[in-house]
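The sequence and the structure are shown first.

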Amino acid sequence: MKNNWKDKMKVKEIAVVVHLILAILLVGSCKKKEDHTNHDQNTCPMHPTVIQDKPGNCSICRMDLVRKSQPSEKVKITAELSYLLKPTNSLILSSIKTIVPTIKSLNVEINANGVITYDTRRITSIAVRFGGRIEKLFVKYNFQAIRKGQKIIDIYSAELLTAQRELLYLLKSDKENKQLIEVSKEKLYLLGATYSQ
């Protein structure tokens, strides 16, 4: 029995020693290691993926590479950077002098060269429904003012004259043929004559 007891004690001592060694290794591995890999790295300001160990030019845009700063590193304020940093309670936008607006009248004379034309919204064109020629024109110049019902032109139209003669011939010779007379009147109406005419 004594041997079993001594064997158990040896196993416990070995287990304690193994645990102490593991604890020391674990504590030693948890110490913060300094990362010396980024201290001398250079990168492109436009392409941060380009990283080199020595100064040079970017392989993409050919800009000069700048030293990559560390998170713990503070930026030194030089004379070149000091004009960018302003106190938060003062803001200077520019050195332009301002004035107070006032209301006053000014005599402004403008000489403008141009052409006076007629108001095209008040111009109307009349489509003619028959062919012919102008016999007499009662309007003397373009854009002359015209009143409603005023006579503008005398027109000679063989087509209109023929349709008129057909109606007169039917009225004289065949008064009973009402259908043909109505067709002749409709033809004159389509050529621009009114029903009263």
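Which pattern of helices and strands does the chain follow when read along the sequence? The order is α-β-β-β-α-β-β-α-α, made up of four helices and five strands.

## Confidence

The model is predicted. Its pLDDT averages 81 over the chain, and 81% of the residues score at least 70. Where pLDDT is low, the predicted coordinates should not be read in detail.

## Burial and contacts

The chain has 197 residues, and 10% of them count as buried. Its accessible surface comes to about 19,500 Å², with 58% belonging to carbon and sulfur atoms. Of the contacts with a separation of 6 or more, 28% join residues 24 or more positions apart.

## Helix α3

Helix α3 covers residues 158-173, 16 residues in total. From the first C-alpha to the last, α3 reaches 22 Å, close to the 22 Å expected at 1.5 Å a residue.

Ala163, Leu167 and Leu170 are buried in α3. Seen down the helix axis, the buried residues of α3 fall within an arc of 65°, so they line one face of the helix. An α-helix has 3.6 residues a turn, so residues three or four places apart point the same way. The cover over the buried residues of α3 includes α4 (178-190). On the face turned away from the buried side, α3 carries the exposed residues Arg165, Tyr169 and Lys172.

Notes
Residues are numbered from 1 along each chain as its sequence is written. This is a predicted model: local features need pLDDT of at least 70, side-chain atom pairs count only at pLDDT 80 or more; totals for chains, interfaces and linings use all residues. Side-chain values use heavy atoms; hydrogens and water are left out. pLDDT is the predictor's confidence in each residue, from 0 to 100. Helices (H or I, at least four residues) and strands (E, at least two) are DSSP runs, numbered from the N terminus. Buried means under 20% relative accessible area, exposed over 50%, partly exposed in between (1.4 Å probe, protein chains only). Contact means heavy atoms within 4.5 Å. Accessible areas come from the Shrake-Rupley method with a 1.4 Å probe; for residues, only the protein chains shown count as cover. The expected span of a helix is 1.5 Å times one less than its number of residues. The arc is that of the directions from the helix axis to the C-beta atoms.
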